Amino acid sequence: MSKAPPPTRRTTFYDELIRRRRAAWIVASVCALVSAGVGLVLSTIVTPIVLLVLGGLLKLVALLGVVNSLALGGVTLIRDFVSAHLANFDRLADTLDRVNGLGDMALLAQPLARLAPAALPALLAGMLVWLWLRGLFGRTTSQDLIVRLKARPAKRDDFEELQLGNIVEEVAIGAGAPPPLLLLIDTPMVNAAALGSHDKGVVLFTRGMLDRLDRSETEAVAARLISAIGAGDFHAATGIMAVFRTLGFFLTLLDLPLRWSAWRTLGGLLLVSVTRRTGSDTMGRIGEGLEEGLQADAIPDLDKIASDAPQLVAKLVRFLLLPFYLVSLFYKLVLFLWTALFLGPPLALLWRNRCYWTDARAVKLARNPEAFARPWRRSARRIRLPVAKPSSIYFIAAPTTTRRAVTDRRSLAMALTPATSKRLARLSTMGANPRGGRALDLATLLAHPLRALVVGALVLLLVPLFVALVGAIGFLTLIVMTFGLLAGLGIVHALI
């Protein structure tokens, strides 16, 4: 007598999505490396500060008589570390005297390699700050965003909002997911967001989107939001947001001598770090303070500082603050260029691929790619972001064309979300109406030789310009870091 086959364990689309979600460690690793890169650029400031703080603490421990010999040994190690790198600067200066052309640049490799360990404290500091801010804001990010957007539950006396709640619940049940909490944002803008984890999800719809979608389109958007929750996109976005907050943290440090709001932001960060329960409104203000450091106009005009003081006092204050102003200005420029060219693109590539992947999961769940593409195609001009630019990563759509100021570091977050036109091109390959545009791939170019010739000529023209730009930024970064590190290590050597 043959044995009956064991019962098959049934699963749902949502359970399978959770199991097969994009590996979270990939996002976390890239975010940690990018944050370390931010620390690398600021190593000439962060490393001396870390050494000064550590040396000061060890001297204090020695004065208190606690593990006296161990503390003094640590101070000696710091002093020897600083002395060794100051000697490496002397070797670098001697090598520069022998450089007479581009062919002699290879001579600088060995002296620069000897200076590399000086960046290790800053690299570690960048990663630790990212971990700190991710954990800190991860506790209240969704509540903070809900408060800032003034999102509200569906009104019981509004038929359309009640119907939206029923549609979201139906899609969740069909996917085998717990029904998420539905909130609405009273704005005519067209957009939606997914927050929270797979067991405590929250979906946000703007009222403008609700007014413009039919039932099939609403089901498709709801499927996209539920897929994003199951795929863990919120946690990935929180890690990426922590990168921008890490950048804002270091830029806020640079602004300490120049604006009081920087002191308030850092003071608030330290306070909430030692407090177990923190209100979402408090975290929202701190987040806005860190985002303020990303603004191009965060540093006040030097002429406006102490403008209300007597003329002689104002001149003295401006004279004393001038070095800090120049240091902050140069480092912010270098850090922005470094982030825009070397640190931002990996994050953008990672997040865009994740958005495309979640779009594909949503099409599989809703089984109607045209219904998902239609609202974006029809409302492309009305798509807006009802939130500050860095937090736009939580929304599922970005404007097709966005004017971004080159000097606004907040625009780096805006550039992460794929353009609506590119997502429409992807959806057309899944069965949606191709009116939204076609993806420009190699096959399309080969089918039009003239277009391929024009694109090839532009590439040949732009590649040398890009290489020259990268070289110029690298040279500028190297000069600023070299002189900054030399000055910082000199101060540490004099004080410890």
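Which residues in H8 meet which residues in H10? The first legend below takes up that contact in this predicted model.

**Figure 1. Helices H8 and H10 in contact.** From H8, the residues are Gln163, Leu164, Ile167, Val168, Glu170, Val171 and Ala172. They meet Arg215, Thr218, Glu219, Ala222, Ala223 and Ile226 in H10. By class, this contact has 8 nonpolar, 2 polar and 3 charged residues. The axes of H8 and H10 lie 9 Å apart, and the packing angle is about 55°. The two helices are therefore oblique to each other. H8 passes H10 in a right-handed crossing.

**Figure 2. An open sheet of 4 strands.** The strand order is E1-E2-E4-E3, and the pairing is mixed. Strand E1 (152–153) and strand E3 (192–197) are the edges, each pairing on one side only. E2 pairs with strand E4 (residues 200–206) in the parallel sense. That pairing runs over 5 bridges. Leucine 183 stands opposite leucine 204, which belongs to E4.

**Figure 3. Helices packed on the sheet.** Helix H8 (residues 159–175) touches E1, E2 and E4. The direction of H8 makes about 140° with that of E2. Helix H10 (residues 215–230) packs on the sheet as well, touching E3 and E4. Between the directions of H10 and E3 the angle is about 30°.

**Figure 4. Helix H11 packed with helix H12.** H11 covers residues 233–254, and H12 covers residues 260–273. Their axes are 9 Å apart, at an angle of about 130°. That angle makes H11 oblique to H12. H11 passes H12 in a left-handed crossing. On the H11 side, the contact involves Phe249, Thr252 and Leu253. On the H12 side are Ala262, Thr265, Leu266 and Leu269. By class, the residues divide into 5 nonpolar, 2 polar and no charged.

**Figure 5. Helix H14 crossing helix H17.** H14 spans residues 311–366, and H17 spans residues 420–429. Their axes come within 11 Å and cross at roughly 45°. H14 and H17 are therefore oblique to each other. H14 passes H17 in a right-handed crossing. Tyr356, Asp359 and Val363 make the contact from H14. Lys422, Arg423, Arg426 and Leu427 make it from H17. The contact has 3 nonpolar, no polar and 4 charged residues.

**Figure 6. Confidence along the model.** The mean pLDDT of the protein is 76. Of its residues, 79% reach 70 or more. Strand E2 (residues 181–185) has the highest mean pLDDT among the elements, at 92. Helix H16 (residues 411–414) has the lowest, at 45. Over residues 401–414, pLDDT stays under 50. For this stretch the model has 33 contacts beyond four places in sequence.

Terms used: Residues numbered from 1 in each chain as written. Predicted model: local features only at pLDDT ≥ 70, side-chain atom pairs only at ≥ 80, totals over all residues. Heavy atoms only, no water. Axes fitted to C-alpha atoms, helices over the stretch in contact; angles between N-to-C directions. Parallel < 35°, antiparallel > 145°, perpendicular 65-115°, else oblique. Left-handed = near helix turned anticlockwise from the far one by under 90°. Contact = heavy atoms within 4.5 Å. Nonpolar A, V, L, I, M, F, W, Y, C, P; charged D, E, K, R; others polar. pLDDT = per-residue confidence, 0-100. Pairing = 2+ DSSP bridges.
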